[in-house]
Each structure stands twice: as C-alpha cells, then as structure tokens.
Amino acid sequence: MTGKEISEYITFPKTFEKYRWYKPILVFIIGAIIFLILNLLLIAVFYAICGENIMVQLLHGGYEVMNSEIGEIYSHLGVVIMLPSLYLANKIVKDRPFSSYSSSRGGWNTQLYLKAFIIPFILFLVVGIIESVILGNGGNYHFTILFFIILLIVVPLQCIAEEYVFRGLLSKP
C-alpha cells in the first residue's frame, strides 16, 4: 500500500447509503451519555448488593481495590456496558448496521473462542493446583463459580465491547 491509499477497513462506513460525516460524532456523544447512565445504574446495583463499604472502596480506594474479586467484576462490567451504550446510540442515530462496528467480518468464531478459553483455563487450573500443593491453604488460589461465570461470559463481552467501541467507532471516520 502506498502513502496515498486508504485501507478499505477505514473507509468501510462510508459505503453505507445513509452515511453522513456527523453521524459517528452523534453516536459517540449519545453513547457516552448512555454509558454514564448505565454506569450509574451499575453503581446502584453494586451498592444494593455489596453495601456502602464496598462501593466507597471501589470508588475511592484507588487501583489496588480493583484487584479484589468484586473489583474485577465491577471493572469488567464497566467495560461491558459500552456495548449496549453503543448499540442504543447507533439505533437512535441510525448510523449504520450494528454488525459493521466489528472488524471481524466472519461473525462469531466458536472454535476460536473455545480454544482461547480452554487453554488459559487449563493453565490457570494447573498453576492453582501447583500453588495449592506448595503453599497449602495459604496460597492465592480461590476458584469460585462466580469467577468461572466471569471467565466464560463477561470477559468475552468485554473484549467485544472494546472491539466495537475502539475499533469500530473511534478508528473509523
């Protein structure tokens, strides 16, 4: 590719019939507003479930608080809510098909997802077992059902949200 050519990936949104230069800006602004509203709802849910002490720690405790299990759930869900924010903003503005925000044109690849999930999960279990054998109950290995659900559902949704927002919306004019 020479210096003057522009990648088809970058110009892809301009191929839609109702493309207007200002629509991505509107999607961004409306999506940010919806994101803030959903984030406030997320904070309210965590407050209702965990109580005031956890929320004060999460909101004012700095980065170290996010290393707790509840902190990780909150931070992952904080990114996941970008997905419905973008979806709703896109529907309001009627910018383009929602699937066009993905850089992957082939759709969901279940086999790749399973490979990307199973291999690290097996490594996690092996390291946890080794840690438990060496350190006994004093180690950091704590496998919970909640952790497994986060691994299985929330983390892929977080990745999809990042893909759609940062590649699909922000990097395409």
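The protein chain has seven helices and zero strands, where helices (H or I, at least four residues) and strands (E, at least two) are DSSP runs numbered from the N terminus. This is a predicted model, in which local features need pLDDT of at least 70 and side-chain atom pairs count only at pLDDT 80 or more, while totals for chains, interfaces and linings use all residues. Residues are numbered from 1 along each chain as its sequence is written, and side-chain values use heavy atoms, with hydrogens and water left out.

**Overall architecture**

- From the N terminus on, the order of elements in the protein chain is α-α-α-α-α-α-α.
- The protein chain has 173 residues, of which 29% count as buried; buried means under 20% relative accessible area, exposed means over 50%, and partly exposed lies in between (1.4 Å probe, protein chains only).
- Among contacts (heavy atoms within 4.5 Å) in the protein chain with a separation of 6 or more, 75% come from residues 24 or more positions apart.

- Helix α5 has twelve residues, which at 1.5 Å a residue should span 16 Å; its end C-alpha atoms are 16 Å apart, which agrees. The expected span of a helix is 1.5 Å times one less than its number of residues.
- The buried residues of α5 are M82, L83, S85, L86, A89, N90 and V93. They cover an arc of only 160° around the axis, so they lie on the same side of α5; the arc is that of the directions from the helix axis to the C-beta atoms.
- The cover over the buried residues of α5 includes α2 (23-50), α4 (69-80) and α7.
- S85, located in helix α5, is buried with a relative accessible area of 2%. Leaving aside residues up to four places away in sequence, S85 touches G31, I34, F35 and L38.

- K94 follows α5 and is placed in the loop between α5 and α6.
- The phi of K94 is near 55°, a positive value in a residue other than glycine.
- K94 is exposed, with a relative accessible area of 61%.
- Y22 lies in the loop between α1 (8-11) and α2 and is partly exposed, with a relative accessible area of 36%.
- Y22 and D95 are 73 residues apart in sequence, and their C-alpha atoms are 9.5 Å apart in space.

**Helix α6**

- Helix α6 has 26 residues, which at 1.5 Å a residue should span 38 Å; its end C-alpha atoms are 37 Å apart, which agrees.
- Y113, F117, F121 and G128 are buried in α6, and the buried residues of α6 pack against α7.
- G136 follows α6 and has a positive phi, near 70°.

**Aromatic pairs**

- A pair of aromatic rings is described by the distance of the centres and the angle of the planes.
- The structure holds four aromatic pairs. Rings of Phe, Tyr and Trp (its six-membered ring) pair if their centres lie within 6.5 Å; planes under 30 degrees apart count as stacked, over 60 as edge-to-face and the rest as tilted.
- The rings of F98 and Y101 form a tilted pair, because their planes are at 50°, with the centres 5.8 Å apart. Both F98 and Y101 are buried.
- The rings of F98 and Y164 also form a tilted pair, because their planes are at 45°, with the centres 5.0 Å apart. F98 lies in the loop between α5 (82-93) and α6 (110-135) and Y164 in helix α7 (residues 145-169), so this pair ties together parts that are 66 residues apart in sequence.
- The relative accessibility of F98 is 16%, so F98 counts as buried; Y164 is buried as well, with a relative accessible area of 13%.
- Ring pairs link Y87, F98, Y101 and Y164 into a cluster.
- The charged end of R96 sits over the ring of Y101, 3.9 Å from its centre. A charge sits over a ring if NZ of Lys or CZ of Arg is within 6 Å of the ring centre and within 35 degrees of the ring normal.
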